[in-house]
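Please work through the exercises below with the sequence and the coordinates at hand. Each task is followed by a worked solution.

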Amino acid sequence: MKLPGYYSSGQFAKMAQVSIRTVRFYDKQNILKPSYVNESGARFYTDADFARLQQILLLKYLGFSLDDIKGILVDDLDTHYLKNSLQLQKQLVLDRIEQMELVASAIDDTVAALTDDTAIDWSQMLDLIHLTGMEKSLKTQYQNASNISARIRLHKDYSTNPKGWFPWIFEQCSEFFTSAVSKPFRVLEIGCGNGALWTENLEKLPGSDQIHITLSDISEGMIRDVRRTIGNDSRFSFATFDCHALPYEANSFDLVIANHVLFYCEDIPGVCREVRRVLKSPSAGCKPDCRGGVFLCSAYGAAHMQEITHLVQEFDPRIVLSAQKLYENFGLENGEGILKKAFSRILLKRYEDEIVLDSAEPLIEYILSCHGNQNQYLLDRYHDFRVFVEKKTKKDFHITKDAGVFLCS
C-alpha cells in the first residue's frame with residue numbers, strides 16, 4: 001500500500017544514491033531509524049529523514065565516527081535546528097578546505113626541496129604530520145561550535161531584556177573607547193569564542209585610527225571561524241594562546257575582556273596577575289581617580305539557569321548538566337574576593353534579565369549542548385524527554401538569568 005509522504009527503504013536508498021545495505025546499517029546503529037514500520041516489518045522514510053541522512057553522510061565524509069555522529073544528532077529536525085546544523089557544517093567544510101590547502105602547500109615545499117637536491121628540512125615532515133592529524137581538533141571544534149550556538153540561540157531568542165547580553169557588554173566597553181586619551185585604544189579579548197561580542201556590534205565600533213582589537217582563544221578552530229566571519233577588517237588582529245601566559249609586554253592594553261572565561265581557568269589568580277601586567281598603568285602625574293587600563297570580566301551567580309537543572313533532574317535524577325558548578329570557581333558571589341588579589345578597585349554591574357519560552361525545542365537543544373552526562377540518559381529516551389519538556393513549556397516556562405560583569409582597575 002502506498003503511504004502518502006513516505007518512501008520505502010528501496011525508494012529512499014535510490015533517491016539518496018546509497019545502498020539499501022547502508023540504510024539498514026544506519027538503522028541497526030540507531031542513527032537513522034525509519035519514521036514508520038508497518039505490521040509486516042516494512043520500513044518507510046520521510047523527507048525529514050533525508051535531512052538527517054545528509055548530516056550523517058557529511059559528518060562521516062568529514063571523518064566523524066558513528067559514535068561521534070550518534071552523540072551529535074538527535075531524533076528531531078525543525079527548520080531552526082536544520083538551518084543551524086547546516087551553517088555549522090559549512091564552517092567545518094571550510095575548515096577542512098583550509099586544512100587540505102595547507103597540506104598541499106607543505107607537500108609542494110617538501111617536493112621542491114627534494115627536486116632541488118637541497119638539504120631537507122625534516123621539520124616540514126612534522127608540519128605534515130601535525131596538519132594531517134588535525135581531524136580530531138576539527139571534530140572537537142564542530143561540537144564546541146554547535147554547543148555555543150545552541151546556548152546563544154536560547155538567550156538571544158527568548159530573553160526578556162531587549163538589549164541582549166552582547167550589546168549590553170559592548171555598552172560597558174564603549175564608554176572607555178570614547179574617554180580614552182591615547183589612540184588607538186587597544187583591546188584584548190581572551191577566550192573570544194565565536195566572536196559574537198564584536199560581530200553583533202561591528203557597526204558601532206570607531207574607525208581603525210581610533211581602536212585596535214586583538215581577539216584570542218586557546219582554540220585555533222574558533223580563531224579561524226572568527227577571522228573568516230570578520231574578514232579583512234584592519235581594526236582586528238587574531239591570536240591563539242593560553243590566557244595563563246599572555247604573550248604581550250607590560251602596559252600594552254587599555255582594556256582586557258574575559259567574557260565567561262575565568263571560571264574555566266585552572267589558576268584564576270594567575271590569569272588575573274597576567275591581565276594586570278599587560279594593562280596600562282595610570283600615567284605619571286594623573287589625577288588620584290585615574291584608573292589606567294580596565295579589566296572587564298563576566299560571571300554567573302548561583303541562581304543562574306537553575307530551573308533547567310531542576311527540570312532535567314525531575315525527569316532523571318542521575319543527570320548532571322555540568323560536572324562542576326562554575327560559579328563556585330568564579331562567580332558573582334565570590335568574584336570580588338578573587339579579583340582583589342590583583343586589582344584595587346572593583347565594580348560589579350548586574351545584567352537584569354530572564355528567559356521565558358513556550359517551546360520545547362530550543363530548551364532541549366540547550367540541554368543537549370551542556371558539558372554533563374545528559375546525553376548518556378537522554379538520547380535513548382529522546383521521545384519521552386521531548387514529551388516531558390513539551391508539557392513543562394506548554395505555558396510560559398521561566399528561567400532565571402543571574403549574570404553580570406566586574407570592572408577592575
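This is a predicted model: local features need pLDDT of at least 70, side-chain atom pairs count only at pLDDT 80 or more; totals for chains, interfaces and linings use all residues.

**Exercise 1.** Determine where S159 is found, whether S159 counts as buried or exposed, and which polar contacts its side chain makes.

*Solution.* 
Step 1. S159 belongs to the loop between α7 (135–158) and α8 (165–179).
Step 2. The relative accessibility of S159 is 18%. Buried means under 20%, so S159 counts as buried.
Step 3. Leaving aside neighbours within four places in sequence, the contacts of S159 are L154, D353, E354, I355 and K401.
Step 4. Among these, D353 lies 194 residues from S159 in sequence, yet the C-alpha to C-alpha separation is 6.6 Å.
Step 5. The S159 side chain makes a polar contact of 3.3 Å with the side chain of D353, and another of 2.8 Å with the side chain of K401.

**Exercise 2.** Locate H304 and state whether H304 counts as buried or exposed.

*Solution.* 
Step 1. H304 is placed in the loop between β8 (294–300) and α12 (306–315).
Step 2. H304 counts as buried because its relative accessibility is 11%.
Step 3. Beyond four places in sequence, H304 is in contact with H155, T400, K401 and D402.

**Exercise 3.** Give the strand order of the open sheet of three strands, and identify the edge strands.

*Solution.* 
Step 1. The order is β1-β3-β2, with antiparallel pairing.
Step 2. β1 (7–8) and β2 (36–37) each pair on one side only, and are the edge strands.
Step 3. β2 is joined to β3 (residues 43–45) by two bridges, and Y36 stands opposite F44 in β3.

Key:
Residues are numbered from 1 along each chain as its sequence is written. Side-chain values use heavy atoms; hydrogens and water are left out. Helices (H or I, at least four residues) and strands (E, at least two) are DSSP runs, numbered from the N terminus. Buried means under 20% relative accessible area, exposed over 50%, partly exposed in between (1.4 Å probe, protein chains only). Contact means heavy atoms within 4.5 Å. Two strands pair if DSSP finds at least two bridges between them. A polar contact is a pair of N or O atoms within 3.5 Å; within protein, one must be able to donate a hydrogen and the other to accept it, and residues adjacent in sequence count only if both atoms are side-chain atoms.
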